[in-house]
Amino acid sequence: MGAVLAAAASAAEPLQRIITPERYNWREIAEELGFRFHTIGGDPYWFEGAYYSFTMRQIEDDLETPSEELEEMCFAIVDKALQSEEIMTRLAIPQKHWDYIVDSWVGKAKNLYGRMDFSYNGEGPAKFLEYNADTPTSLYEAGVFQWRWLEDLQGDGRLPASADQYNSIHETLIEAFQGFGIDGLLHLTAEAASEEDVGTIEYLADCAEQAGVGTHLLPIDTIGVTDKGQFVDGAEQVISNLFKLYPWEWMFHDEFADNLATSNMRVIEPPWKAVLSNKGLLPLLWELAPGHPNLLPSFFTDAVDADVLGDNYVKKPIYSREGANIEIVENGETTMKADGPYGEEGGIVQALAALPKMDGVYPVLGNWLIASRPAGLGIREDDTPITRDDARFVPHVILD
Amino acid sequence: MAKFKQFPPRPPLVARKRSGRVALIAMGVSVSALALTGCEEKVDALQYSSAEACIVGGELSEADCQAGFAAAQKDHARVAPKYQSRQDCEAEHGAAACQQPAQQQQASSGGGLWMPLMIGYMMGRAMSGPVAAQPLYRSSSAGKVRTASGAKWDAKAGPVSVPKSAAARPSAGKVVSRSGFGRTGGRRSGGRSFGG
């Protein structure tokens with residue numbers, strides 16, 4: 001009887017971090033595969049001295065399925081926000097671009113990718129921290145280099161042939177580009193000074209090419225505008241399709257912003273992603289589905305007293321990237337505060353879901369959605385409970 | 001809950017949760033060619049290596065051949081793809097297919113942009129038709145020419161069927177401003193990535 005009961009109960013297993021030797025030649029493999037930003041500013045970015053081990057149940061029930069459900073809820077939020085001046089104002093989206101955003105949503109402009117970040121220790125529900133819906137990075141290392149790492153460890157017999165990985169990122173990206181129906185060239189742009197961002201658009205260009213779409217890369221500050229309001233590249237070719245690794249909220253404040261709506265240029269991610277790549281999404285989700293197991297209580301700071309969440313919460317500006325300007329309050333005291341240039345547009349408070357501490361580091365789980373379908377996982381770990389831009393990427397496996 | 005989903009539901013889960021094959025074709029190559037898709041609408045065009053070849057071909061009048069060539073040659077320097085180095089240019093257009101723009105050769109020693117040599121032109125049967133007269137360049141694929149915007153097809157002289165999107169003049173407007181995107185990020189980001 002007792003055995004039957006034990007078998008029926010869903011056995012929660014803690015997330016495991018396994019220490020393992022690095023492949024002796026991983027740097028050479030990285031160079032060969034075009035992974036040039038594995039070490040940034042002398043600090044390791046790719047780290048394979050450890051990996052995270054999941055069960056298939058954890059991946060499918062605790063990450064994949066919830067991320068799909070959250071994506072549906074996010075669509076409901078976009079729909080609601082675009083019909084509410086109050087919400088759009090609160091999200092600090094400039095009013096003169098509202099029509100442009102609405103048109104992209106009504107016209108069902110397709111989206112390519114996004115990364116939902118979760119705090120997860122293997123035993124309770126994964127808690128949704130935020131959505132990098134517009135300009136997520138760490139895509140190549142998740143889709144390609146992590147995949148190769150598993151192949152190599154299986155080849156060496158260090159991981160069993162049955163080991164798997166939550167990672168169809170590469171295949172799904174190619175499929176998504178095939179489904180975009182891009183006519184003519186796809187231009188991809190990023191800020192040229194960031195090696196990581198350039199690496200990301202190079203990877204996306206590679207996937208697009210494999211899907212039969214011709215590509216052209218260009219630094220964002222070389223884009224020009226003609227007297228007819230078209231955007232052109234450095235060779236004065238009209239840009240008809242643009243993938244931009246540059247956030248909408250910055251685009252809307254740039255000099256060329258007013259040309260966007262009339263340029264007839266298709267942009268990926270589409271303008272409606274401006275609603276989702278905003279920390280204001282979190283209180284809107286909580287309002288839509290209070291008590292949802294994957295959501296943390298969240299509120300706009302100007303709508304509630306800061307202590308509504310008690311003594312343990314996180315304060316985040318509406319627009320913030322790479323962990324900047326995030327403040328953690330524990331037992332009523334600020335225990336962690338990251339500097340940065342954000343915050344003037346307002347902010348949110350979110351209940352604290354402390355990242356699990358494993359071997360002295362704090363992993364955050366990035367669940368990838370490609371064309372809104374769950375497609376893979378990338379884990380970054382930091383020495384502090386706020387995941388900053390110097391976090392390291394660490395691979396994972398599924399072992400049952 | 002959502003009003004619509006952008007893509008059909010994913011297929012049933014398969015045993016394997018990761019990509020079956022991960023191959024990269026061109027990581028690090030800065031410019032690549034337009035691959036043609038099979039289903040795009042095609043229009044008829046004519047292509048020749050020179051006005052003389054066009055006249056000999058007999059499909060067009062001598063005056064049209066010369067007017068088309070002149071229009072393509074006039075646009076060449078403006079619309080030709082530009083590259084940061086000779087190496088990048090030759091990767092796309094083949095060995096010895098590249099040069100520096102004439103005014104730049106005089107102005108600077110070393111550095112500067114590279115562009116492919118014009119090896120021919122295409123035009124329509126009527127100057128005002130759907131096919132704009134425009135220069136053609138060698139491509140990295142053997143036996144193929146390409147347009148400034150990267151569309152490719154066989155390098156045979158005479159009538160050719162081309163995708164409608166490739167037939168338009170490469171750029172219709174005059175550039176009035178540059179660097180209008182990127183400043184907000186440059187001001188605010190202190191991190192190594194502008195993404196996240």
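Let's start with salt bridges: across all chains, the structure holds 27 of them. The term means a side-chain nitrogen of Lys or Arg within 4 Å of a carboxyl oxygen of Asp or Glu. Before we look at a few, note that this is a predicted model, where local features need pLDDT of at least 70, side-chain atom pairs count only at pLDDT 80 or more, and totals for chains, interfaces and linings use all residues. Residues are numbered from 1 along each chain as its sequence is written, chains are lettered from A and ligands numbered from 1 in the order in which they are written, and side-chain values use heavy atoms, with hydrogens and water left out.

One of these bridges joins A:Asp359 to A:Arg17, with 2.8 Å between the closest N and O atoms. A:Asp359 sits in the loop between β17 and β18 (362–370) of chain A, while A:Arg17 belongs to strand β1 (residues 16–19) of chain A, so the pair ties together parts that are 342 residues apart in sequence. Strands (E, at least two residues) and helices (H or I, at least four) are DSSP runs, numbered from the N terminus. Is A:Asp359 buried or exposed? A:Asp359 counts as exposed, at 52% relative accessibility, and A:Arg17 counts as buried at 14%. Here buried means under 20% relative accessible area, exposed means over 50%, and partly exposed is in between (1.4 Å probe, protein chains only).

Now hop to A:Arg373, whose salt bridge with A:Glu175 has its closest N and O atoms 3.2 Å apart. A:Arg373 is buried, at 15%, whereas A:Glu175 is partly exposed, at 42%.

Salt bridges can also join up: A:Arg23, A:Glu48, A:Arg148 and A:Asp152 are linked in a network of them.

Next, a sheet. Five strands of chain A form an open, antiparallel sheet in the order β13-β17-β14-β15-β16. Strands β13 (298–300) and β16 (333–337) of chain A are at the edges with a single partner each, so one side of each has no neighbour in the sheet. Two strands pair if DSSP finds at least two bridges between them; β13(A) and β17 (residues 347–351) of chain A have three, in the antiparallel sense. Along this pairing, A:Ser298 stands opposite A:Gln350 in β17(A). Helix α11 (residues 281–288) of chain A packs on the sheet, touching β13 and β17 of chain A, where contact means heavy atoms within 4.5 Å.

Terms used
Axes fitted to C-alpha atoms, helices over the stretch in contact; angles between N-to-C directions.
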